[in-house]
Amino acid sequence: MSGILQASAYESWILHALIWLPLVGILGVLASSEERAKDVAFAWTAGLFVLSLGLLWSFDPAGPLFQLTSDAAWIELWGVGYSLGIDGISLFMILLTTFTMPVAILGAYRYIREKRRAFYSLMLLLQTGIVGVFASMDLFLFYIFFELTLVPMYFIVGIWGGERRIYAAVKFFLYTALGSLLMLVGILYLYVQARAGGAPPSFHYLDLLGTPLTLGEQLWLFAAFALAFAIKVPLFPVHTWLPDAHVEAPTPGSVVLAAVLLKLGAYGFIRFVLPLFPDAATHPTVVMVMLILGVVGIVYAAWVAAVQPDAKKLVAYTSVAHMGFVVLGIFALTLNGLQGGLIVMISHGISTGALFLLLGMLYERRHTRRIEDFGGLARVTPLLATAFVITALASIGLPGTSGFVGEFLALLGTWERHPIIALVGTTGVIFAAYYMLPMVQKILFNELERDENRTMPDLSRREITVLAPLVLLMVVLGVFPTPVLDRMEPGARAIVEYVEESTREGSLLEAARTEAGSPGRRFVDHPVFPESTGPVDPTLSLRDGVQGFPIPGDRRLGDEG
Amino acid sequence: MSASTLPTVVASVAQGTGSGFDPVLPGLILLLPLLGFALNGALALVSGSRSATALREGREEAGHDSGGRPLTHTLPTWIGPGVMLAAFLLTLVNFVGMLGVELVEPVIRSYWTWMATGALSIEAAIQLDQLSLIMMMVITGVGFLIHVFSVGYMKEDPGYPRYFAYLNLFVFFMLILVMGANFPMMFVGWEGVGLCSYLLIGFWFRDREKADAGKKAFIVNRVGDFGLLVAMFILFAVFGTLDYQGIFEAAPDTLVYGGATVTAVTLFLLLGAAGKSAQVPLYVWLPDAMAGPTPVSALIHAATMVTAGVYLVARSSVLFAMAPVGAAAVATVGAVTALFAATIALKQYDIKKVLAYSTVSQLGFMFMGVGVGAYAAGVFHLMTHAFFKALLFLGAGAVIHSMHHALHATHKDWDAQDMRNMGGLRRFMPATWITMWVATLAIAGIWPFAGFFSKDEIIWYVGTSAPASVLYTVLWGMAIATALLTAFYMTRMMVMTFHGPNRTGADEAKHLHEAPPNMTIPLGILAVLSVFGGWINVPGSVRESFFGGFGFLPMSDWLDRWLEPLTATAYQIRVDQLGAYASTSPVGGGHVLWGAIATGLALAVVIIGARAVASREIRPAVESPEPTGFGKVLHDKWYVDELYDRIIVRPIQALSRACWRWIDQVIIDGTVNAVGSVARGFGWFGSLVQTGQMNTYAFILTLGALVILGVLIL
């Protein structure tokens, strides 16, 4: 395997390919017929998934923190680079994305009936955005991709959604756009502050790390970033866009939304918020606020989920509860907690994605999402019922499934620092049974009362093909999560240690930052595109390039003026 | 737990004598039931799909067409019990292998690293020691018998392969529970058996009540699981490991005797144990669990799963020995549960409900035992109870099976489980009748049946337990009262079911029949065990006295000594801190005397009770008046379910609805929509750009972003 990878110089092109090839796929989708568009999209994304699997071999857990890095100047004037790279965390986020896409597309072959070419083009565009977010090492680039994910999702909900799709789409857009605009302000402020010290302009993550900021500045920036990511996660109380978006979104939209898009928020916290503003992120009040919001999310969302008459809305609320565990894991600031949070992210992606697929399959058969319209399905659709039960159990964290590993580690890690919070969070396991089992019973068990349900077909071969890998992954990750944990550990450890004042010097992230050297030189060190390899003279860039383009806060200019 | 033999074992522990025990394929013991699950599960899906097709085509059930039973129904007959027999034989080989050696350290087999991150490392490892092997013997042995019984009991059920799939899966998880070498592994089994219990209680899921009962069991159990999780978190924070060996070896030095930490750990463990073992206040799920097929009640809800809490306390004996408050709480919960459940059992008419409350009550006895530090006695009662209670449930199953056939034959819609509809069944089912009387005498604590020895030992240790003697004297009194109530309600059940005139009806009585051999043979084997099972742990004092009459038996206190490597540390801590157990009961008298008194009283209760019940006129359920007065309170189970519904279930539901309707929809969304309508003020602008064309939107979005960017930079 590694031989093939080496021979094809896999490491040098794979991230670029995973980001941009979906766009090439759009051409294929547009060139095909309405009928064939779904096949093209599925084949393309499935191929990308196979391609991405090589990452498992080419990423070396014992190697440097960020791997497969590449830098190219993009807007040299501002120090914006097309800089990519992944650590173990982004590795699995990318794999989750490339895995989810073909599954979501194949799982809803029959769901999407109109404007198919447009739909699948948007899905591919979405993939570009998401992978781009996870692979970006440049904050500007990250922001562009982050915003890019918003557009296709808005249309997916707004065009192919249910009856209240416009309301849901606008709500989704307003919520997330509001959050991310504040983040943009934050990014720019950070950029300006980094330059204030005299460094050449750069949006590169490693260059912005360690930017000297007062606690007050950190708190403001933390707030700006945190709002954007909290909305995306979503964290109580800014979660109300999610149930509406989920209910109205078509099945593939819901699957991608739950499986991957929510992870952008959590990923943002881990990758950016914690290391960029460590003093704010470890500020006792901030930590406590975040933990309380997380734990409230766990309990509150579970309660609200339990009384939903709409199955899809119920599952949407369970997402909020699950992501509460992630937030606990992140802000516990322990290795176990963070690792647990990351596993919850992956596990939630798989199990909730599968639940949305299953509900989509039920919807295709009965054109209803109301729980009370079903009942007794285990008799008429035994295969679907089996998949449903296993998925539901994985979702509520039964040991032996992926859900347990994540929740257990997240709570264990939280307990090390904040026992009371963890104690309340652990009640989530009770409430998970309280929301999930009644739904399972009302859909699958009880008497088969309605005649419409009597003739319902069981899973087709296509549907089995979609669900089998998901179910298998739930069990495999629950029994043997070690390959994932091992690869994520350096990344998670680096962040936890970096955020801790006391261990920062020894952390991998600090090492990566120091090694990155002075900003501006990276484009010389890592020539990717020949035209961008020209040396950038840091003294020139300001004087010559920014004439008549004064940058606020640039003290050097001010001093000389 | 005889103190006289202890010092030698402690010495050998200190010397760390090497073990000569080499387990034979221990992993295979686990894999066999898992394999059975996989095969039966596949057959169940095939069979289920066929039934579904029939259903879609308008036929109610697939039925066994003309060609006899399909393969999906004949194969599980061999696979289900077959894997169990193989697992039992393999366990037996290992048990015999361990008998010959002085094993002081458990044998641990680690297969792979389950979860490892940072300082945490949890292995997928199993542990073989005296405790796990005793449990494995009970699980595979009794489990095998119940699988065989099920072949006859479930023969005509369309869900036959699914039944065996669940049952095999249950055994797999139960074995993980007792074989796991660390707390998280045990937790896998712990929740796994809960899952199987859920699936099997709701096995006939078409019936809403049965499906509800399964759900209730799972949710109530999760309350207990919450406690177990929290206990694990504390243990990891203190010890940095979750391995049994690591924790129990370090505990005496790391923890402060009676300190807050160990007390908290034991109380949370108790919460977990109370959930799984149906103790007050979490017992409410077990009586409802009788909705499952009766062999399931025998295996899961009597013999094995519900004893997991006792196993947990015995396994964590070192921790409980260091937490006097925790241990006392265990004993108190056990005593309260034992007495409380026994009172309810007095007025139940459903034969399975009587046995269900009886099980809750007997589990309370086990908790009393392990609560006062008599870990071996608790495990001893666990074992004998597995024999006689499995026998009682299977016997009840045979009765229900027969009653069901009789009522079905004449289309009479009477309740096949109501004892008021039975009577005089001994003429129709003599084998069931005799074996069930054996079990009844055993559970009533009549010498020399198995239950006498185990129950007597627990009562004795409760009475002679040293600390807070007033508390233990009260518990002792409660234990004796419970034992007498047990003798009475069991006699009542036997007399109502098997004696007196038959009340089924003349036509129906013609269809009453004894169960087939594949059901009566397991009954017979369990009856033998219910007689002799107690002889493995005859107390030395009793054995040597004339009363015991067991002078010829070489194995006095065998189980106590067998488990000593595991209980010695805990025993030593307890004796050091609280002093030795007293040699006389709270009101005087030695062990032998009280053994004689107990069996004499129980026998008197059985004889007098049998006469009293027999002399009462019993009418079939439809003709019987509702119970009144205090009898009604007992019949209605002290209204605990209603109370929980009022103070827990409904408030949470109301709160859930309020959260949704008010916080989510009014407060949060109200704010969001208000902001939205302000934005709609710019609607005239919006209408201009809402062309419905995607590229326009994309263009505007990009433009907007650039404008904002520009503004910010300038």
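Mentor: A salt bridge here is a side-chain nitrogen of Lys or Arg within 4 Å of a carboxyl oxygen of Asp or Glu. By this rule the count comes to 34 salt bridges over all chains. This is a predicted model, in which local features need pLDDT of at least 70, side-chain atom pairs count only at pLDDT 80 or more, and totals for chains, interfaces and linings use all residues. Side-chain values use heavy atoms, with hydrogens and water left out.

Glu34(A) pairs with Arg117(A), their closest N and O atoms lying 3.2 Å apart. This pair links distant parts of the chain, 83 residues apart: Glu34(A) is in the loop between helix H2 (10-31) and helix H3 (37-53) of chain A, and Arg117(A) is in helix H6 (residues 116-135) of chain A. Helices are DSSP runs of H or I with at least four residues, numbered from the N terminus. Glu34(A) is partly exposed at 31% relative accessibility, and Arg117(A) is partly exposed at 30%. For these classes, buried means under 20% relative accessible area, exposed over 50%, and partly exposed in between (1.4 Å probe, protein chains only).

A salt bridge also joins Glu452(A) and Arg366(A), with 3.7 Å between the closest N and O atoms. Glu452(A) lies in helix H23 (residues 451-454) of chain A and Arg366(A) in helix H17 (residues 335-366) of chain A, so the pair ties together parts 86 residues apart in sequence. Glu452(A) is partly exposed, at 43%, whereas Arg366(A) is buried, at 13%.

Finally, Arg164(A), Lys171(A), Asp244(A) and Asp669(B) are linked in a network of salt bridges.

Technical notes: Residues numbered from 1 in each chain as written. Chains lettered and ligands numbered in written order. Helix = DSSP H or I, 4+ residues; strand = E, 2+ residues; numbered from the N terminus.
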